[in-house]
Amino acid sequence: MNKRLVAFEKIGIAFDGRVLLESIDMTISEGEIVTLIGPNGSGKSTLIRTLLGLQEATSGKVVRHKTLRIGYMPQKLHIDPTLPLTVKHFLALVRGVDKRQILPTLEKVGIGHLLQSQVHVLSGGETQRVLLARALLNKPNLLVLDEPVQGVDVNGQVELYNLIESIRNELNCGVLMVSHDLHLVMAKTDTVVCINQHVCCSGSPQHVTGHPAYQALFGVPGADESIAIYAHQHDHVHDEHGSILADEGDAHAHDHSHCHHH
Amino acid sequence: MLDLLLRALLGGLGVASVAGPLGAFVVWRRMAYFGDTLAHSALLGVALGFLFDINLNLAIIVLCVGLALVLVTLQKKHIIATDTLLGILAHSALSLGLVAVSFLDNIRIDLMAYLFGDLLAISQTDVYWIYSGGLAVITLLVIFWKPLLAVTVNEELAKVEGYPVEAIRLLLMLLVALVIAVAMKIVGVLLITSLMIIPAATARKLSQTPVQMASIASVIGCLSVCGGLWASYRWDTPTGPSVVVCAAMLFLVAYTLPFKRLR
């Protein structure tokens with residue numbers, strides 16, 4: 001039995017009277033890949049910021065295993081261009097890092113040749129890999145990845161997901177990933193949690209994609225639909241849910257009736 | 001005369017050596033205006049120091065750190081945009097300092113020396129202050145270099161990895177306040193920030209790592225002090241502004257001459 005690393009218990013967050021998250025229950029165990037999906041503004045990033053200790057929960061609590069050690073990969077990296085910094089120096093900033101591990105870790109994520117490059121000249125995919133290396137250097141048993149494939153083309157995305165899976169297999173660490181949609185990440189995920197302020201539905205990818213609450217947010221996935229069409233639908237739904245708050249409230253009421261499948 | 005020049009040179013070099021590395025942090029963290037605000041408030045520190053008869057350097061440090069804390073608190077409350085807030089505090093503090101100085105009738109203060117610096121009026125005690133303050137700054141910078149840099153590069157990553165982010169930020173403010181206190185004699189409250197950021201900005205062009213940039217900034221600051229002092233001696237120009245003009249000229253040279261841009 002793999003040990004449970006993190007349990008969210010009835011997490012609620014409100015900011016200036018606006019409810020960002022309510023009553024979130026979720027667990028992540030060793031060796032498990034959990035993908036958090038939901039439209040823009042659904043509270044995905046807020047939830048992981050709570051786990052990271054960057055955001056206080058208004059109610060509920062996060063139960064962390066005493067051995068929990070997080071490797072965090074932020075959505076993007078902005079380093080002021082006035083700060084000259086090579087990849088090597090960036091990675092050496094990890095607290096208590098063993099400097100001999102820097103090159104092997106870079107090689108593990110496939111960019112050993114970038115050791116002496118300046119961080120400002122990296123491509124989107126290279127930056128994501130550097131951030132992944134930094135997360136790994138913290139010797140984590142839980143990787144927290146906030147939209148790890150952002151700014152990466154489709155081929156690159158597949159490669160990155162493969163890499164994340166192989167790292168999970170090698171380290172048997174838990175992985176909590178935030179993603180916009182399920183299309184590419186599906187095959188690599190054990191559990192999907194779909195949130196939109198609250199948990200709409202969760203379970204295996206097959207279970208979730210067949211779920212009415214998921215389909216209400218992301219549309220009905222067809223087996224032979226092309227990625228382009230799928231992505232288009234997805235964007236469309238974002239706009240509706242991002243801009244009209246009153247509708248979101250209605251959607252909640254509707255979604256609740258389908259909620260809490262495990 | 002030679003004694004006077006030597007003392008000025010020693011003091012100036014001491015200040016430039018610490019202002020360089022700290023200036024690099026000011027540039028990286030985009031704190032230039034913040035530094036300015038603290039520097040402007042230093043005059044108020046001088047006035048209060050005279051008023052309560054406490055050591056001027058100490059008064060300046062306490063006031064700068066106090067103001068930095070007020071600033072951070074106000075910033076968190078999002079009352080008004082940060083640059084506006086800094087503008088309000090900088091000029092209110094400076095004006096308050098000028099007003100406070102005018103109340104000190106029984107003490108004659110050379111206001112120009114405090115505003116623009118007077119390298120040639122530097123005393124033996126001042127040199128001791130500069131070197132002990134400077135040594136403290138450099139020691140702290142060396143000890144806390146990695147956490148300071150980690151927090152500068154990305155605060156969230158640093159926090160997740162367990163760095164005490166708040167404490168490190170406070171340390172940086174304390175260091176800026178210390179440098180302002182020791183540098184005031186040399187370039188004055190109005191020009192202190194320039195001695196921090198101009199050499200650091202010049203060093204950016206010539207460096208590939210943070211350590212390189214910090215050390216090159218020190219060297220460039222020292223060159224500016226030498227040049228400014230020489231100009232001041234040669235043409236009888238005001239020393240503080242001469243040092244700054246010299247630093248600005250070095251900046252122009254670095255960015256116009258076709259050095260290989262190291263990136």
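Visitor: Is A:Phe15 buried or exposed?
Guide: A:Phe15 is exposed, because 11 other C-beta atoms lie within 10 Å. The scale runs like this: a residue is buried with 20 or more other C-beta atoms within 10 Å of its own, exposed with 12 or fewer, and partly exposed in between, with C-beta atoms placed from the backbone.

Visitor: What sort of model is this?
Guide: This is a predicted model: local features need pLDDT of at least 70, side-chain atom pairs count only at pLDDT 80 or more, and totals for chains, interfaces and linings use all residues. Residues are numbered from 1 along each chain as its sequence is written, while chains are lettered from A and ligands numbered from 1 in the order in which they are written.

Visitor: OK, where is A:Phe15 found?
Guide: A:Phe15 is in strand E1 of chain A. Strands (E, at least two residues) and helices (H or I, at least four) are DSSP runs, numbered from the N terminus. A:Phe15 and A:Thr58 are 43 residues apart in sequence, with 8.7 Å between their C-alpha atoms.

Visitor: How many helices and strands does chain A have?
Guide: Chain A has nine helices and nine strands. Of its 262 residues, 39% are buried.

Visitor: What is the strand order in the sheet of three strands?
Guide: The order is E2-E1-E4 in chain A, an open sheet with antiparallel pairing. Two strands pair if DSSP finds at least two bridges between them. E2 (18-29) and E4 (59-64) stand at the edges with a single partner strand each, so one side of each has no neighbour in the sheet. Neighbouring strands are turned by 10° against each other on average, direction ignored.

Visitor: How many bridges join E1(A) to E2(A)?
Guide: Eight bridges join E1(A) and E2(A), which run antiparallel. A:Ile11 stands opposite A:Ile24 in E2(A). The two strands form a hairpin with two residues between them, and A:Asp16 in the turn has a positive phi of about 50°.

Visitor: And what about A:Ser23, what is its phi?
Guide: A:Ser23 has a positive phi of about 50°, although it is not a glycine. A:Ser23 lies in strand E2 of chain A and is partly exposed, with 15 other C-beta atoms within 10 Å.

Visitor: Over how many bridges do E1(A) and E4(A) pair?
Guide: E1(A), residues 4-15, and E4(A) pair in the antiparallel sense over five bridges. A:Gly12 has A:Ser59 as its bridge partner in E4(A), and A:Glu9 has A:Lys61.

Visitor: Which helix packs on this sheet?
Guide: Helix H1 (residues 44-52) of chain A packs on the sheet and touches E1, E2 and E4, its direction making about 120° with that of E1(A). Residues are in contact if their C-beta atoms, placed from the backbone, lie within 7 Å. Axes are lines fitted to C-alpha atoms, for helices over the stretch in contact, and angles run from 0 to 180 degrees between N-to-C directions.

Visitor: Which strands stand at the edges of the six-strand sheet?
Guide: That open sheet has the order E5-E6-E7-E3-E8-E9 in chain A, with mixed pairing. E5 (70-73) and E9 (198-203) stand at its edges, each with a single partner strand, so one side of each is without a neighbour in the sheet. The twist averages 15° from one strand to the next. E8(A), residues 191-196, pairs with E9(A) in the antiparallel sense over five bridges, and A:Asn196 stands opposite A:His198.

Visitor: Last one: how many residues does each chain give to the contact?
Guide: Chain B gives 22 residues and chain A gives 23. Helices H1 (2-28), H7 (145-153), H8 (155-160) and H11 (210-235) of chain B each supply at least two residues of the side of chain B that touches chain A.

How values were computed:
Contact = placed C-beta atoms within 7 Å.
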